[in-house]
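Visitor: Please take me through this chain and, for each label you use, set the value beside its cut-off.

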Amino acid sequence: MKKLTILLAAMLLIGLLAACGTDGESGDGDMETYSVATDANFQPFEYLNPDTGEMEGFDIDLLNAIAEEAGFQVEYETMEFDGLLASMRSGRNDIGIAGISITEDRQETIDFSDAYYDSGLILAVPMDSDIESIDDVGGLEVGARQGSTSEEFLLNNTDAEVTAFPEIVTAYMDLEAGRLDAVLYDLPNVQYYIMENAEDELKTVGDVLEGQPYGIAFPKDSELVEPVNEALATVKEDGTYDEIYEKWFGESPE
């Protein structure tokens with residue numbers, strides 16, 4: 001009888017532990033998980049850390065904070081930038097983040113969150129270049145990112161010979177090697193690349209062009225726009241945004 005009592009008590013304890021485990025798992029399981037299209041090499045906004053195999057960067061930290069505040073989870077999928085925009089138009093991914101400029105043309109087929117970062121375009125040239133501004137690139141070989149606002153700007157506003165690259169790092173390397181005369185791309189990425197890789201080889205020239213803010217992208221009519229905007233507002237108000245900004249840019253946002 002004593003053995004039976006012990007056996008029954010053990011079975012009851014196992015049942016209680018299993019129930020507790022099920023409750024914890026269902027808590028996480030109840031959270032929606034959304035697929036996020038992003039870039040693997042747009043420092044300091046997002047990049048794949050080769051040592052950890054994890055996505056890192058300003059955009060990644062910001063979206064993770066937004067997801068935590070809004071009560072959902074995210075899974076990142078890396079792709080080329082023009083493929084990212086196509087995935088938003090087709091609805092293949094739920095969210096897109098990769099320093100995506102909010103433009104009128106894109107808003108026709110893609111929804112955006114409220115702006116979260118102000119950017120613009122800048123020219124990078126070799127240190128000994130005679131190029132002083134965008135007005136000097138007519139007839140010259142100028143690189144840009146495929147599918148980006150920099151490519152669009154060059155095609156619509158200059159007579160440059162434009163070469164668009166799936167990865168902007170390739171354009172920078174071609175510029176250093178003398179295969180391009182200039183590269184036009186987003187100001188923070190140009191500055192970051194020069195600071196980290198080419199302080200003695202490259203410089204920026206001219207005015208910042210096409211001042212356009214970055215936004216988080218969604219397929220048209222996505223139900224995620226409103227909760228993401230609410231969470232973005234919260235992380236800005238509670239100081240989380242400032243902490244993430246200082247981590248990646250070394251200063252407080254203006």
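**Labels and their cut-offs**

Guide: Asp-221 lies in the loop between strand 15 (217–219) and helix 8, where helices (H or I, at least four residues) and strands (E, at least two) are DSSP runs numbered from the N terminus. This is a predicted model, in which local features need pLDDT of at least 70 and side-chain atom pairs count only at pLDDT 80 or more, while totals for chains, interfaces and linings use all residues. Residues are numbered from 1 along each chain as its sequence is written, and side-chain values use heavy atoms, with hydrogens and water left out.

Visitor: Why is Asp-221 called exposed?

Guide: The relative accessible area of Asp-221 is 68%, and the label exposed applies over 50%, with buried under 20% and partly exposed in between (1.4 Å probe, protein chains only); Asp-221 is therefore exposed. Asp-221 also has a positive phi of about 65°, although it is not a glycine. Most residues other than glycine have a negative phi.

Visitor: What makes Phe-42 and Tyr-185 an edge-to-face pair?

Guide: A search of the whole structure finds 21 aromatic pairs. In the pair you name, the ring centres are 5.8 Å apart and the planes stand at 75°, whereas the rule for rings of Phe, Tyr and Trp (its six-membered ring) asks for centres within 6.5 Å and calls planes under 30 degrees apart stacked, over 60 edge-to-face and the rest tilted; the pair is therefore edge-to-face. Because Phe-42 lies in strand 2 (residues 41–42) and Tyr-185 in strand 12 (residues 182–186), the pair ties together parts that are 143 residues apart in sequence. Both residues, Phe-42 and Tyr-185, are buried, and ring pairs link them into a cluster that includes Phe-45, Phe-58, Tyr-116 and Tyr-241.

Visitor: How do you know that the length of helix 2 agrees with its residue count?

Guide: Helix 2 (residues 58–70) has 13 residues and should span 18 Å, the expected span being 1.5 Å times one less than the number of residues; its end C-alpha atoms are 18 Å apart, which agrees. The residue that follows helix 2 is Gly-71, with a positive phi near 85°.

Visitor: Why does Pro-44 count as buried, and which residues does it touch?

Guide: Pro-44 has a relative accessible area of 2% and is therefore buried. Pro-44 is found in the loop between strand 2 and strand 3 (46–48), and, residues up to four places away in sequence not counted, it touches Gly-57, Phe-58, Pro-188, Tyr-192, Trp-248 and Phe-249. The peptide bond joining Gln-43 and Pro-44 is cis, with omega about 5°. Most peptide bonds are trans.

Visitor: Why is Thr-149 called buried?

Guide: With a relative accessible area of 6%, Thr-149 falls under the buried limit. Thr-149 is found in helix 5 (residues 149–157), and among the residues it touches are Ser-101, Arg-106 and Asp-186. Buried residues make up 44% of the 254 residues in the chain.

Notes:
Contact means heavy atoms within 4.5 Å.
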